[in-house]
Amino acid sequence: MLRYLGELEQRGDCSAYHLVAHSHGGNVVWQALGLAAAANKPLAKLGSWTTVGTPFLTFAPMRWPLTRLLLLLCFILTSPFVVASVSALASEPAMLWRETGQGALSLLYALTGMFGLAALMTLGAILAHFVVVARRTIDERKRLSAERFTDRWLGIWHDDDEARALLAASLVRPPVLVPRFGRPNSGLLARLAGALTAFDWLFAPAGDQQAWRVVTGRAQGRDISEDLAAVTVGPSAVVRWWPALPRETQEQIREAADRSAALALREGRRQLNTIGRQEELGEVAGLFAGTASWQELIHTSYFDSTGVRALIAARVAGGLPRGSAAVRDWYEHGRVDAPAVRMRSGGGFALRFARALTLAPLVALWAALCSFVFASGVHPHTAAGLRERQAASMLSTPDLVLIEDGAAFARTMLLALGDADLKRGLARAISLVDPQARRGAATAIAREASRRGRFEDIRNAVRMLENEEHPDQRPLRIEILAAGVAGARAGGYGTAADVQQELLAALSRDAGLSYVAADLMLGALHDGNDALAREFLAIYAKPPDRRCPGAQSTIRQITHAGHGRFASEFAAACATARIPAPLIYRHALAGAIAFRASLPASEVQPRIAYDAFGIQFADQASSDFDLGHDSDPLLSINALLASGKLDAAVALTMQWLPMMLSVPPSRGHDVIALAKAVEGRHPQLAETLRQTWAQHASRSILQYLGNAPQIDIAAIEHAALDLLHLGRRGRIESVMEQIQDDRAEAASNDGASPCAALRATVMRETVDLAIQRKEAGGAGVPEPRLRQSGEDLASAFLFMRESDNPRRPTFRRCILVGVAGLALALKYDMGDRLGELVTALLSATHGEVDQSSRAQALGVAAVAEARIRTTLAGVEAAERISPTERVRALAAILERRLLSQGPASRTN
C-alpha cells in the first residue's frame with residue numbers, strides 16, 4: 001500500500017488523491033500511514049482518507065510468556081540427566097560407537113539432540129517474545145507520529161456494525177464450556193474431587209479458554225503471533241475520533257439491512273423445502289446458493305446510504321455534504337475526544353499454567369527416557385560404567401579371596417577403583433587367602449593409595465592387621481608401611497618422619513624383614529638423608545649372617561640413582577663369602593654406567609664424578625673372575641666391557657659359556673651385544689657366542705614340538721628374531737622345515753596325535769609373523785598375510801573338536817596349545833577369524849579337561865570376546881571363570897579399554 005502511494009506521489013499527472021477504505025481496509029491504510037510517518041514521508045498529495053465501518057484493531061503480545069518460562073524451568077531442572085549423557089558421549093564417542101552396537105548410541109544421540117533443540121527453541125521463543133514486545137513499543141511510538149495525517153481523516157461507523165461487535169465480543173471472558181465436578185447440584189465428594197485435582201479451578205477454565213481461543217481466533221485473524229487487545233472505532237494512537245453516524249442515517253442503513261435479511265430468510269426457507277424433495281443433497285457448497293446478497297448486514301450496507309455517500313463526496317470535494325441537516329451538522333462538529341481504551345489480554349493465566357503443567361511431565365519423561373537409554377544401553381559400555389561394575393565385583397564377589405595372582409588382582413582393582421574406594425580395595429587385598437597373592441596385592445594397592453595422598457587408608461589397613469593374630473600379619477604390616485612410604489615419595493608428598501621411625505623400630509626387632517629395608521634405604525638416599533640411609537643399611541646387612549637379600553639389584557639401583565659415594569659403604573656392609581665384593585662392584589659398575597649415560601652433556605661435574613666412580617668400581621669388579629652366585633652374569637660381563645676391562649670380561653665370558661644355555665631367550669639381545677663387543681679382540685670367541693646362541697635359539701623353538709605341555713609364543717618370537725639378527729637365515733629355514741614336517745606327519749596320522757597339527761601351525765605362524773613384522777619395521781604385517789595366517793589357524797583349530805581319542809592328557813595339552821594359538825591371533829588382532837577360534841577352543845573345553853586348562857582357555861577366550869564383540873561382553877565372559885584366571889583376563893581387558901581408550905593396533 002505504501003509503495004503504491006509513493007508511486008502516486010511521483011506521478012506528474014496526479015495532483016491529489018483520496019483514499020476510501022471499507023472494513024479492514026482502514027487498518028491497512030492506517031498501517032501504511034504509520035510507516036510513512038516513521039519514514040518521514042509527508043504524502044503531500046494525499047487529499048483525504050476515509051474509513052467506512054473499520055474496526056480498528058490493537059494487537060499486543062502477552063507481557064509474560066508464562067508457559068514458555070515454566071517449560072524452560074522444567075528443561076533446566078531435568079537437564080542434569082541429559083548433561084550426564086552428553087558428557088559421557090563427548091568423552092569417548094568413537095569407542096562408544098564401537099562398543100554399544102550403535103543402536104542405543106544412535107537413539108541416545110537422537111533423544112539428547114531433540115531435547116537440546118527443544119530447550120533452545122523454548123529459550124529462543126522467550127527471547128523472540130521480548131524482542132516483539134520491544135519492537136511493538138518502538139512501532140507504537142512511530143505510529144504516534146502518524147497523527148499528522150489525522151486532520152485528513154474521516155471515520156464513518158455505525159453503532160450496530162456486526163464486524164466490530166463480533167470482534168469486540170471475542171475479547172470477553174470465555175463462557176463455561178467444559179463441565180465441572182462442582183456443579184450446583186453436585187455432592188460434597190464431587191466438589192472435593194474437582195478442587196483437589198485442580199480440575200474445577202485450573203484445567204476446566206483452561207479448557208474453556210482454549211476452546212474460546214480456537215473459536216474467536218478465526219474471527220480475530222490471529223496469524224501474526226500476537227493477541228488482539230482492543231477493538232475501537234478509531235486508531236488507538238489518535239486522541240480524537242469521529243462519532244457514530246447521525247441517528248437518522250443509522251436508521252436508514254438498519255432498515256435497508258433488515259429488509260434484505262427478511263428476503264434472504266424467505267429465499268432460504270424456500271430452498272430448504274426444495275432440498276427436502278430431492279433424492280440426494282448434491283454438493284454442500286451449492287445448497288443455499290443465491291440466498292444471501294450480502295446486503296443483510298449493516299457492515300456491508302454503508303454505501304447504499306445517501307448520507308454516507310454524501311459524506312464521502314463532501315470529504316473528497318472539500319465542502320459541506322449535501323442532504324439532511326443532521327448529516328451536515330455531524331460533519332461540521334467533527335471529531336470528539338476519544339474515550340479511554342481498555343486493553344484486554346487474549347490469553348488467560350489458567351490456560352498458560354495448565355499448558356505448562358501438561359507439558360512439564362512430558363519434558364520430565366523425555367529426560368527420564370534419555371537417562372534410561374543412557375543407563376541401560378550406553379553407560380555399561382563407558383569407562384566409568386566398566387569401572388563401577390568391576391569395583392562392585394572386586395569388592396563383593398566371595399570367591400575372589402582364593403585368587404593366586406596378587407599382581408593381576410592389584411592391577412584390576414586399581415583400574416576399577418576411584419580414590420574414595422581405595423580403602424575398601426586395600427582391605428579386600430588383605431583378605432586374600434594365598435600369602436603371596438595377599439602380599440603382592442596389598443603392597444601394590446598401598447603404594448598407589450599413598451601416591452594419591454590417601455595416607456589414612458594406609459593407617460586403617462595397618463590397624464586392621466594389628467587387631468589380627470596371624471603369623472603373616474606382622475610382616476605384611478611392615479611391607480604395607482614401606483609401600484606407603486615409597487608411594488608417598490613417588491607422589492611428591494615426601495616421607496612422614498613418624499612412619500620412618502616406626503619402620504626403623506619394627507625392622508630392628510625383626511631382621512627377617514631386612515628385604516624391606518632396601519627400598520627404604522633407597523628412599524632415604526633419594527631424600528638426601530644419608531644418616532637415615534645408613535640406619536636402614538645397618539638393618540639390611542645386620543650381623544652375623546648379613547643376608548643382604550637382593551644385594552646385586554639394590555647396588556645397581558643405588559648407583560643408577562646417582563648415589564655413587566654410598567656404593568662403597570654398601571659393598572663393605574654386604575660383602576661376604578656368599579656375596580663377594582667384586583660381584584657387588586660389578587653390579588655397581590652396571591648402575592654407574594647407566595646413570596652416566598643418562599646425564600646430559602651440560603652437567604659436566606656429575607659426569608666427571610661418575611667417571612671417577614666408574615674407574616674405582618671397574619678396578620674392584622675386575623679383581624676376581626668368579627661368576628659364582630652372580631644373578632646376572634651377562635650384566636656383569638657387559639659392564640666390564642663398557643668400562644674397558646676387556647681381559648676380565650673375556651675371562652668371565654669363557655667361564656660363562658657352559659651356562660649360556662640356561663639363559664632365557666629374552667636375553668638374546670645382550671648375548672648378541674656381548675659377541676659384538678669381544679669381536680675385535682677375540683673373533684673366535686665372538687663366533688662361538690653367536691654359534692652357541694643360534695643353536696640355543698633353535699632348540700628354544702623346537703622344544704615345543706612333540707608333547708610339550710604348552711607353547712610360549714613370546715619365547716619363540718625372541719628366538720626367531722635372534723636368529724634373524726644373527727643372520728642365520730638357513731637355520732630359520734631349517735626350523736621351519738622341521739615344523740612343517742611335524743605338521744605334515746600329524747595330518748597323515750589320521751588323528752593319532754590330535755593337536756600336533758595345531759601345535760605346528762601355531763609355531764610356524766609365530767615364527768613367520770615375528771620375522772615379517774621385524775622386516776616390515778613400523779609398518780606392521782601386511783593385511784593379506786594376516787588373513788592367510790587367520791585362515792591357517794582356523795583350519796588347524798578343527799583338531800580342537802573333541803574326539804574318541806582315549807589319550808586325554810594329550811588332549812588336555814592340546815587345549816593349552818589352542819590357548820597359545822588364540823593368544824597369537826589376539827596379538828596380531830586377527831579380527832576376521834577370532835570368533836571361529838574362540839568357538840573351537842570353547843567347544844573343546846566341554847570334554848574331560850582339567851579345570852586349570854579349562855580356566856586358561858576361558859580366560860583367553862574372554863579377552864578375545866572383548867576384542868571381537870564389546871568390552872562388556874568380554875567382562876561378562878571373564879566373570880564366569882575361576883578367580884585367578886578371571887582377574888588376569890579382566891586386567892588384560894580393562895587395561896586395553898581404559899588405558900588405551902581405543903582399539904589396539906595390529907602391531908601391538
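Cys-574 is buried, its relative accessible area being 0%, where buried denotes under 20% relative accessible area, exposed over 50%, and partly exposed the range in between (1.4 Å probe, protein chains only). The structure is a predicted model, in which local features need pLDDT of at least 70 and side-chain atom pairs count only at pLDDT 80 or more, while totals for chains, interfaces and linings use all residues. Residues are numbered from 1 along each chain as its sequence is written, and side-chain values use heavy atoms, with hydrogens and water left out.

Cys-574 is joined to Cys-548 in a disulfide, with 2.2 Å between the sulfur atoms; the criterion is a pair of cysteine sulfur atoms within 2.5 Å. The pair links distant parts of the chain, 26 residues apart: Cys-548 lies in the loop between helix H21 (530-540) and helix H22 (551-560), and Cys-574 in helix H23 (residues 564-574). Helices (H or I, at least four residues) and strands (E, at least two) are DSSP runs, numbered from the N terminus. A disulfide is a covalent bond between the sulfur atoms of two cysteines. The link of Cys-548 and Cys-574 is left-handed, with -85° about the S-S bond. Cys-548 also counts as buried because its relative accessibility is 1%. By the distance rule, the count comes to one disulfide. Two further cysteines, Cys-14 at 10% relative accessibility and Cys-74 at 11%, count as buried.

Ala-575 is located in the loop between H23 and helix H24 (581-598). With a relative accessible area of 21%, Ala-575 is partly exposed. Not counting residues up to four places away in sequence, Ala-575 touches Arg-546, Ala-581 and Ile-584, a contact being heavy atoms within 4.5 Å. A distance of 9.3 Å separates the C-alpha atoms of Ala-575 and Ala-541, which are 34 residues apart along the chain.

The protein chain as a whole contains 38 helices and seven strands. Of its 908 residues, 48% count as buried. Among contacts with a separation of 6 or more, 76% are accounted for by residues 24 or more positions apart.

Several helices were compared with their expected span, defined as 1.5 Å times one less than the number of residues. Helix H13 (residues 383-396), with 14 residues, should span 20 Å, and its end C-alpha atoms are 20 Å apart, which agrees. The buried residues of H13 include Leu-386, Gln-390, Met-394 and Leu-395. Helix H29 (residues 683-702) has 20 residues and reaches 28 Å from its first C-alpha to its last, close to the 28 Å expected. Among the buried residues of H29 are Leu-685, Leu-689, Trp-693, His-696 and Ile-701. An α-helix has 3.6 residues a turn, so residues three or four places apart point the same way.

For helix H36 (residues 851-868), the 18 residues should span 26 Å, and the end C-alpha atoms are 25 Å apart, which agrees. H36 is mostly covered, with 13 of its 18 residues buried. H36 and helix H38 (883-900) each supply at least two residues of the lining of the largest cavity.

On a 1 Å grid over the protein atoms alone, a cavity is a set of points where a 1.4 Å probe fits but cannot get out, and lining residues have an atom within 4 Å of a point. Grid points are joined across faces, edges and corners, and a volume is the space filled by probe spheres set on the points. The structure holds one cavity of 30 Å³ or more, and the volume of the largest cavity is about 50 Å³. Its lining consists of Val-863, Ala-866, Arg-867, Thr-871, Ala-892, Ile-893, Arg-896 and Arg-897. H38 gives the most to this lining, with four residues. By residue class, the lining of the largest cavity comprises four nonpolar, one polar and three charged residues; Ala, Val, Leu, Ile, Met, Phe, Trp, Tyr, Cys and Pro count as nonpolar, Asp, Glu, Lys and Arg as charged, and the others, Gly among them, as polar.

Positive phi values were also found in residues other than glycine. Leu-43, with phi near 50°, is placed in the loop between helix H2 (25-38) and strand E2 (46-52). Leu-43 is buried, with a relative accessible area of 5%. Asp-829 has a positive phi of about 55° and is situated in the loop between helix H34 (808-827) and helix H35 (831-844). Asp-829 is likewise buried, at a relative accessible area of 14%.

Key:
1 Å grid on protein atoms, 1.4 Å probe; cavity = no way out; pocket = protein on both sides within 12 Å on 5 of 7 lines; lining within 4 Å.
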